[in-house]
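Please examine the sequence and the structure shown below. The report that follows describes selected features of this protein.

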Amino acid sequence: MSKACCCLQVDQSTVAIKETFGRFGDVLHPGCHCLPWCLGHQIAGYLSLRVQQLDVRCETKTKDNVFVTVVASIQYRALADKASDAFYKLSNTREQIQSYVFDVIRASVPKLNLDDAFEQKNDIARAVEDELEKAMSMYGYEIVQTLIVDIEPDEHVKRAMNEINAAARLRVAANEKAEAEKILQIKRAEGDAESKYLAGLGIARQRQAIVDGLRDSVLAFSVNVPGTTPKDVMDMVLVTQYFDTMKEIGASSKSSSVFIPHGPGAVRDIAAQIRDGLLQANTTLQ
């Protein structure tokens, strides 16, 4: 904006307020204007038509007695056709807007719980914008947009909310861990059962093979050695097994001292015990 030789330049997005002998005369729009100073014409001031932003921090209390700080951003601008009202009727536009924001926020937020206040930020912003639009239009200002950019609870409340969320997440993690441990134990038990089942099949087949081998040995011995009975063959097998067992015990590096009957008569006693047990089992079954 410049003035020389009674000429005045008004920049874009700006208007100038012209007065004549101290009385409002006209609104000068962007461009070059002739302003004869000698006739009492003068510029009282300039008014920007650009969109301006005012950030307001308002402390209030929610319905569940939690103190919060609500941060609102108000975007506004002066109307060119009401520039005289915007220039003369308000001495401090920002303080006037801030007062209306405080009034609406402190009337709206106390009706809501803390969680509802976060969810209904748009409703609070709309209420502020409607109230400002009605109040500021008579002063030549337009409310472009109102935003509730943040709701900040007290530091202790935020810490408590974080602890509640952390506890909930830990509870979910514990449940998931317990479920995984349960599945792991079930799978381990199933694997153990399957292992024991297969081990049982192996032992059964091993014993079946031993029985088959003994039967074939008894038959072959009876055929090749005339006059021997199956009892004689079994006694000889038991003696052989007895000495093999004694040999394995003595050869083992981890074996401790074991005292067992070591005479050949012990084999006869073992054989007698086995035969008596078989006879008693047969008698019981009959």
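Ser13 counts as partly exposed because its relative accessibility is 25%; here buried means under 20% relative accessible area, exposed over 50%, and partly exposed in between, with a 1.4 Å probe and protein chains only. Ser13 is found in the loop between strand E2 (7–10) and strand E3 (14–20), where helices (H or I, at least four residues) and strands (E, at least two) are DSSP runs numbered from the N terminus. The phi of Ser13 is near 60°, a positive value in a residue other than glycine.

Phe21 lies in the loop between E3 and strand E4 (23–28). Its phi is near 55°, likewise a positive value in a non-glycine residue. Phe21 is exposed, with a relative accessible area of 67%. Most residues other than glycine have a negative phi.

## Basis of the model

This is a predicted model, in which local features need pLDDT of at least 70 and side-chain atom pairs count only at pLDDT 80 or more, whereas totals for chains, interfaces and linings use all residues. Residues are numbered from 1 along each chain as its sequence is written, and side-chain values use heavy atoms, with hydrogens and water left out.

## Overall architecture

The protein contains seven helices and nine strands. Of its 286 residues, 23% count as buried. Among contacts (heavy atoms within 4.5 Å) between residues at least 6 apart in sequence, 62% join residues at least 24 apart.

The protein exposes about 19,500 Å², of which carbon and sulfur atoms supply 55%; accessible areas come from the Shrake-Rupley method with a 1.4 Å probe, and for residues only the protein chains shown count as cover.

## Helix H4

Helix H4 comprises 16 residues (121–136) and should span 22 Å at 1.5 Å a residue, which agrees with the 22 Å between its end C-alpha atoms. The expected span is 1.5 Å times one less than the number of residues.

Ile124, Ala125, Val128, Leu132, Ala135 and Met136 are buried in H4. Seen down the axis of H4, the buried residues fall within an arc of 100°, so they line one face of the helix; the arc is that of the directions from the helix axis to the C-beta atoms. On the other side of H4, Asn122 and Lys134 are exposed. The cover over the buried residues of H4 includes strand E8 (67–78), helix H2 (93–108), helix H3 (114–119) and strand E9 (141–153).
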